[in-house]
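Welcome, and thanks for taking a look at this chain with us. Please have the sequence and the 3D view open side by side as you read.

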Amino acid sequence: MVKVERSPVAPASLEKEAKKKNGSYREKDVIEQLEKDFYAKCYICEIKPVQDPQVEHRLPHHSRKIPERVFDWNNLFYSCSHCNLVKDSKRYEEGIIDCCVRDPEELLELQLIENQVKVIVKSERDAEAIRTAELIEETFNSTSTGIRKQAGQVRLNELQSTMNALYSQLNYFQDNPSDIVTIRMLKGLLNKASKFAGFTRSYAKAHGYEAFIQ
Ligand SMILES: [Zn+2]
């Protein structure tokens, strides 16, 4: 999870749809603006591109029983269907980090260790950060159902290959510190818009490569 700069202007359809009985919060302009603002990746697992994008309500509306949350632009997030489903649990309903307001990188350290995701919470008293860490771990590591296990494994495999690319570029850089192509590749992997950037950036910070983070 990385910080996202949300467009300050809400897509026009939200106001119109909110006045209808069963209005839609996922009109074309909403999806397009979310895709752009969220770098076309799921804000929870950071898979990119998202094959099955969903409009995720950070604070749940409980089948529209809390109507003010349904069309609130600041409550709409871009996610994959797997993360949207995993998050639909009582454990998370008090809210995870709002990555458009708070910088998740200041609150969490994301790691991949032996085919499992581990999320370290930097402040033990931060309930939102704790819930976010549990959610991210669950979206990757859960084996509670066959479908979840498979979706988690797909993400773990993609994350592993991204991390392998990072490790190999860093290794090459050790021996060739002035190689421009390698430096460009590293900056690309560590760009906020890249897939799993929350993980690659955490690794770079923990291992003294902040210089490549822009
Ligand atoms: Zn996801």
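This is a predicted model: local features need pLDDT of at least 70, side-chain atom pairs count only at pLDDT 80 or more; totals for chains, interfaces and linings use all residues.

**Fold at a glance**
- The chain contains 9 helices and 4 strands.
- If you walk along the sequence, these elements come in the pattern α-α-β-α-β-α-α-β-β-α-α-α-α.

**Overall dimensions and packing**
- Taken along the principal axes, the C-alpha atoms fill a box of roughly 65 × 35 × 35 Å.
- The radius of gyration is 18 Å, which agrees with the value near 17 Å that a compact globule of 214 residues would have.
- Buried residues make up 35% of the 214 in the chain.
- Among contacts with a separation of 6 or more, 60% are between residues 24 or more positions apart.

**The pair H6 and H7**
- Two packed helices are described by the angle between their axes and the distance between the axes.
- Helix H6 covers residues 127-141 and helix H7 covers residues 146-175; their axes come within 6 Å and cross at roughly 100 degrees.
- Angles of 65 to 115 degrees count as roughly perpendicular, and H6 and H7 are therefore roughly perpendicular to each other.
- On the H6 side, the contact is made by Thr139, Phe140 and Asn141, while H7 contributes Gly152, Arg155 and Leu156.
- By residue type, this contact of H6 with H7 divides into 2 nonpolar, 3 polar and 1 charged.

Notes:
Residues are numbered from 1 along each chain as its sequence is written. Axes are lines fitted to C-alpha atoms, for helices over the stretch in contact, and angles run from 0 to 180 degrees between N-to-C directions. Helices (H or I, at least four residues) and strands (E, at least two) are DSSP runs, numbered from the N terminus. Angles under 35 degrees count as roughly parallel, over 145 as roughly antiparallel, 65 to 115 as roughly perpendicular and the rest as oblique. Two residues are in contact if their C-beta atoms, placed from the backbone, lie within 7 Å. Ala, Val, Leu, Ile, Met, Phe, Trp, Tyr, Cys and Pro count as nonpolar, Asp, Glu, Lys and Arg as charged, and the others, Gly among them, as polar. The radius of gyration is taken over C-alpha atoms; the globule rule is 2.2 Å times the number of residues to the power 0.38. A residue is buried if 20 or more other C-beta atoms lie within 10 Å of its own, exposed if 12 or fewer, and partly exposed in between; C-beta atoms are placed from the backbone.
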